[in-house]
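Me: I am new to this structure and would like to learn how to read it. Please take me through its features one at a time.

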Amino acid sequence: MEQKNNYSIIVPTYNERLNIALIVYLIFKHLRDVDFEIIVVDDGSPDGTQEVVKQLQKLYGEDRILLRPRPKKLGLGTAYIHGLKHASGNFVVIMDADLSHHPKYLPSFIKKQSETGASIVTGTRYVRGGGVHGWNLMRKLTSRGANVLAQTLLWPGVSDLTGSFRLYKKSVLEDVISSCVSKGYVFQMEMIVRASKKGYHIEEVPITFVDRVFGSSKLG
């Protein structure tokens with residue numbers, strides 16, 4: 001009998017008390033017939049994020065919501081490494097907690113991987129059907145310019161290098177992440193470039209990125 005896929009969704013948080021319950025609700029809403037766990041990697045949020053997650057564990061179960069905190073902010077890349085240590089799924093999703101990555105796209109990620117056998121499925125703002133909501137013109141131009149520059153220099157074969165909404169085969173994520181050296185937000189770019197250079201099959205799904213409504217950006 002073919003093994004049923006299981007998905008570990010890693011969600012790094014810092015001061016996401018106002019968002020974490022909603023993102024968890026939406027994940028459960030859109031993945032009704034999927035086996036998954038949500039791994040919350042919280043970097044010592046002073047706003048009570050961990051207390052909200054503990055309440056969510058009582059509601060959904062500690063086997064579905066895993067709280068794996070760290071004492072302080074230690075970088076986005078290491079947050080994924082930390083979460084990966086606790087992942088039991090054969091696929092891993094990485095996504096933000098601030099609702100900029102809507103869980104409604106998760107079924108499309110899973111379907112694309114199933115249809116193509118891709119090692120990585122990444123959300124993109126820069127193909128037909130994708131976009132950005134809530135950014136001013138300067139921020140859009142800066143993001144688009146960074147992607148064009150990276151495309152020119154690195155030739156990764158994907159349209160959205162700086163996106164951070166992705167599905168990986170767990171074995172592929174373990175391989176790629178072990179070779180990365182960056183820890184901040186450039187980590188996402190390094191991950192996809194290294195995966196491309198290693199020859200992994202990468203597919204894209206159009207998404208609309210929505211700027212956060214609650215809280216402040218970690219991009220500081």
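Me: How many strands form the open sheet, and in what order?

Reply: Seven strands form an open sheet with mixed pairing, in the order β3-β2-β1-β4-β7-β5-β8. Two strands pair if DSSP finds at least two bridges between them. Strands (E, at least two residues) and helices (H or I, at least four) are DSSP runs, numbered from the N terminus. β3 (65-67) and β8 (202-206) each have a single partner strand and stand at the edges, so one side of each has no neighbour in the sheet. From one strand to the next, the twist averages 20°.

Me: What kind of model is this, and how are its residues numbered?

Reply: This is a predicted model, in which local features need pLDDT of at least 70, side-chain atom pairs count only at pLDDT 80 or more, and totals for chains, interfaces and linings use all residues. Residues are numbered from 1 along each chain as its sequence is written, and side-chain values use heavy atoms, with hydrogens and water left out.

Me: Which way do β1 and β2 run, parallel or antiparallel?

Reply: β1 and β2 (residues 35-42) run parallel and are joined by eight bridges. Tyr7 has Phe36 in β2 as its bridge partner. β5 (residues 120-124) and β8 also run parallel, with five bridges, and Thr122 stands opposite Glu204 in β8.

Me: Which way do β4 and β7 run, parallel or antiparallel?

Reply: β4 and β7 run antiparallel, joined by four bridges. The bridge partner of Val92 is Tyr168 in β7. β5 and β7 run antiparallel as well, with three bridges, and Val121 has Leu167 in β7 as its partner.

Me: How many residues of β1 are buried?

Reply: Buried means under 20% relative accessible area, exposed means over 50%, and partly exposed is in between (1.4 Å probe, protein chains only). In β1 (residues 6-13), seven of the eight residues are buried, so the strand is largely enclosed by the rest of the structure. Of the 220 residues of the chain, 50% count as buried.

Me: How many residues of helix α7 are buried?

Reply: Eight of the 11 residues of α7 (residues 187-197) are buried, which leaves the helix mostly covered. Among them are Phe187, Met191 and Ala195. Gly199 follows α7 and has a positive phi, near 90°.

Me: How are two packed helices described?

Reply: They are described by the angle between their axes and the distance between the axes. Axes are lines fitted to C-alpha atoms, for helices over the stretch in contact, and angles run from 0 to 180 degrees between N-to-C directions. The axes of α1 (residues 20-30) and α2 (residues 49-60) come within 9 Å and cross at roughly 30°. α1 and α2 are therefore roughly parallel to each other; that term covers angles under 35 degrees, while over 145 is roughly antiparallel, 65 to 115 roughly perpendicular and the rest oblique.

Me: Which residues of α1 and α2 meet?

Reply: Contact means heavy atoms within 4.5 Å. Ile20, Ala21, Val24, Tyr25 and Phe28 in α1 meet Thr49, Val52, Val53, Leu56 and Tyr60 in α2. By class, the residues of this contact are nine nonpolar, one polar and no charged. Ala, Val, Leu, Ile, Met, Phe, Trp, Tyr, Cys and Pro count as nonpolar, Asp, Glu, Lys and Arg as charged, and the others, Gly among them, as polar.

Me: At what angle do α3 and α6 cross?

Reply: The axes of α3 (residues 76-85) and α6 (residues 170-179) cross at roughly 135° and come within 11 Å. That makes α3 oblique to α6. Gly77, Tyr80, Ile81 and Leu84 of α3 make the contact with Lys170, Leu173, Glu174 and Ile177 of α6. The classes here are five nonpolar, one polar and two charged residues.

Me: Which strands does α2 lie across?

Reply: α2 lies across β1, β2 and β3, and runs at about 150° to β3. α6 also packs on the sheet, where it touches β4 (91-94), β5 and β7 (166-169), and its direction makes about 95° with that of β7.

Me: Is Ser45 buried or exposed?

Reply: Ser45 has 11% relative accessibility and therefore counts as buried. Ser45 lies in the loop between β2 and α2. Apart from its neighbours within four places in sequence, Ser45 is in contact with Thr13, Tyr14, Asn15 and Gln50.
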